Amino acid sequence: MTQQKSPQQLRLIIETDDFDEALRFYRDVLGMPEQPAFATEGDDRVSILSAGIATIELATPTHIRNIDAIEQAPTTDGPTLRIALEVHDTENAVNAVAASGAEQLSPVVHTPFQTLNARVSGPGGWQVTFFQELESLEDRAGRAGFLTDDQRARLTWRSRSPCPLFGWHDEDEHDWSRWGLGVLACGDTGFPHEEASC
C-alpha cells in the first residue's frame with residue numbers, strides 16, 4: 001500500500017460570531033500577516049493569516065488533563081481544540097496580549113518537556129497557549145518520556161485511591177523526578193517511557 005504524501009500546509013479554520021475582535025486579536029495583537037482571500041459581500045467575511053509552520057497534536061483526554069495541571073490552566077469539559085503558538089519570548093507575548101485585554105489563564109510555567117508555557121483566553125473562549133522552546137527537538141528526543149506513541153508502554157492502573165490531578169493511584173509515593181516533576185503522591189505525568197503501575 002502506497003503511503004499518501006504529507007500535505008503541503010495545515011489550515012485551521014475558526015468560525016467566529018465576532019469577526020472584528022478575532023481579526024484584531026490574531027492579526028493585530030499576535031502579529032499574524034494577512035494574505036488575500038476570496039469572499040463575496042456583506043456578512044461573507046474571511047481572513048487568512050500566516051501562523052508559520054503547523055503541526056497537529058493528537059491527545060487523549062488524560063493527556064489534556066495532565067497538561068492542564070502542568071500549565072496550571074483551567075480544564076474544559078468535552079473534546080476541545082486549543083491553539084498553541086511558538087514564540088521567542090513567552091513572558092513578553094503574554095504581557096502584550098494581556099495588555100490588549102485578553103484574559104491570562106495561567107502563569108508562565110517551565111514544563112517538564114523543556115518549554116516555557118502560558119495560556120490566555122482568545123476571542124470566542126478559545127484557549128491559546130504560548131510556548132517557548134528551551135532546547136532543540138534533537139536534545140529533547142534523548143530525554144525520558146520523549147517517544148512516538150508506538151514506542152510508549154501502556155500504563156496499568158491497579159489502585160483504589162482517587163487523585164485530583166492524575167486519576168487513580170495506590171497509597172505509595174512514586175518518584176516522578178525522572179520526568180522533571182519531583183515526587184508526587186499520585187498519578188502518571190503522561191510521559192512514561194516504560195511499563196508502570198500507579
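Buried means under 20% relative accessible area, exposed over 50%, partly exposed in between (1.4 Å probe, protein chains only). This is a predicted model: local features need pLDDT of at least 70, side-chain atom pairs count only at pLDDT 80 or more, and totals for chains, interfaces and linings use all residues. Residues are numbered from 1 along each chain as its sequence is written, and side-chain values use heavy atoms, without hydrogens and water.

**Exercise 1.** Classify Phe25 and Tyr26 as buried or exposed, then describe their ring pair.

*Solution.* 
- Step 1. Both residues are buried.

**Exercise 2.** Find the buried residues of helix 3 and say where they point.

*Solution.* 
- Step 1. Helices (H or I, at least four residues) and strands (E, at least two) are DSSP runs, numbered from the N terminus.
- Step 2. Thr90, Ala93, Val94 and Val97 are the buried residues of helix 3.
- Step 3. Viewed down the axis of helix 3, they fall within an arc of 95°, so they line one face of the helix. The arc is taken over directions from the helix axis to the C-beta atoms.
- Step 4. These residues pack against helix 1, strand 4 (103–104), strand 6 and strand 7, where contact means heavy atoms within 4.5 Å.
- Step 5. Just after helix 3, Gly101 has a positive phi of about 110°.
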